[in-house]
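Colleague: Hi! Could you walk me through this structure?
Modeller: Happy to, here it is.
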Amino acid sequence: MPLDPYKTLGVSRTATADEIKKAYRKLARSYHPDHNPDNAAAEEKFKAVSTAYEILSDDDKRARFDKFGAAGLQEGFDPRAAAAGRQAPRGPGPGSADLKDLFDLFGAGSPFGGGGGGFGGFAPRAKGPTPGSQLDLKIRIRFDQAARGLTTKFQYERPTACPACSGRGISGNAACSRCRGQGLIAESKSLSVNIPSGADNGDKLRIKGKGGDGIGGAAPGDLMLEVQVEPHRTLRREGISLISTATIGPIDALLGCDASVETLDGLTPVPIPPGHSAGHRVRVPGKGVTRGGKTGDLLVEVTVDASRQPLLDLEARALAEKLRDLVTKR
Ligand SMILES: [Zn+2]
């Protein structure tokens, strides 16, 4: 253990918390095992710097060191007894070096980096048990899968308590080499989730306890799964309403017809009533999307296209003209 944490970090006794943090970050970065593979001297320095920071970043420990020196940090130290001139019994050195501050130091190089779709930030330094972090992931599903719901299995990287140090981050009085003092390692896990029917773009599902492991017996975090729905070739959604389209000829528009309409179940005949007017959507009750126990309707946007029913012969044309005379006179 360092005799003088101020010397180890190269700061003055009156250094502010911010100056101490800056000095620590700079040194921890240059001595970090990731940047110094197989360099025992750097590893020793890294441990010393970590221990020094652990003392100086803790107001209580720093005050005890200032007043009583290294002896003030011994386990079982009794400040009143020391003040009265009696030496506390000697115990192990400063306990669990809390190295979680390293998370925000090694964003890019660490498996816990904060890149898109990666793990979220970890809980800040805390004494004792630390709850697991929340994980935010996105899952992309097809339009019909979202409408109907699905159960799907996927793999993701989950911060898991390091098996070498049981998530404590230290081994003996040094940073655990398996997890590099982080207490957590990234493990690929597979998870089966049930996405309910009617899921929509941007919906978030909270899956309890499937985020990062907690430390020191604390509860794991949750997994937040954001649903992304791929657009369909022809169908759209407006909430629980399903929107489809149909194109019919002018005679069918006048007389009504069964139009062939794309639905979740494929092409389906939908009755279009006579006298279709532009902009009107034909409603088919109960053929939309079910969400939260409610089922929406299918709405068919009908377009009239004369080329669908061309007047190819003289007789057809004569009939159409007669029909126009009849309906215009009225
Ligand atoms: Zn470990």
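Modeller: A word on terms: helices are DSSP runs (H or I, at least four residues), numbered from the N terminus. Axes are lines fitted to C-alpha atoms, for helices over the stretch in contact, and angles run from 0 to 180 degrees between N-to-C directions. This is a predicted model, where local features need pLDDT of at least 70, side-chain atom pairs count only at pLDDT 80 or more, and totals for chains, interfaces and linings use all residues. Residues are numbered from 1 along each chain as its sequence is written, and side-chain values use heavy atoms, leaving out hydrogens and water.
Colleague: At what angle do helix 3 and helix 4 pack?
Modeller: About 95 degrees, with the axes of helix 3 (residues 40-56) and helix 4 (residues 59-68) 6 Å apart. They are therefore roughly perpendicular (65 to 115 degrees).
Colleague: Which residues make the contact?
Modeller: Helix 3 gives Glu54, Ile55 and Leu56, and helix 4 gives Lys61, Arg62 and Phe65; contact means heavy atoms within 4.5 Å.
Colleague: New topic: where is leucine 73?
Modeller: Leucine 73 sits in the loop between helix 4 and helix 5 (79-83). Its C-alpha atom is 8.4 Å from that of isoleucine 55, 18 residues apart along the chain.
Colleague: Is leucine 73 buried or exposed?
Modeller: Buried, at a relative accessible area of 9% (buried means under 20%, exposed over 50%, partly exposed in between, with a 1.4 Å probe and protein chains only).
Colleague: And which residues does isoleucine 272 touch?
Modeller: Leaving aside neighbours within four places in sequence, isoleucine 272 is in contact with Ile248, Gly256, Cys257, Ala259, Val282 and Val302.

Methods
Helix = DSSP H or I, 4+ residues; strand = E, 2+ residues; numbered from the N terminus. Parallel < 35°, antiparallel > 145°, perpendicular 65-115°, else oblique.
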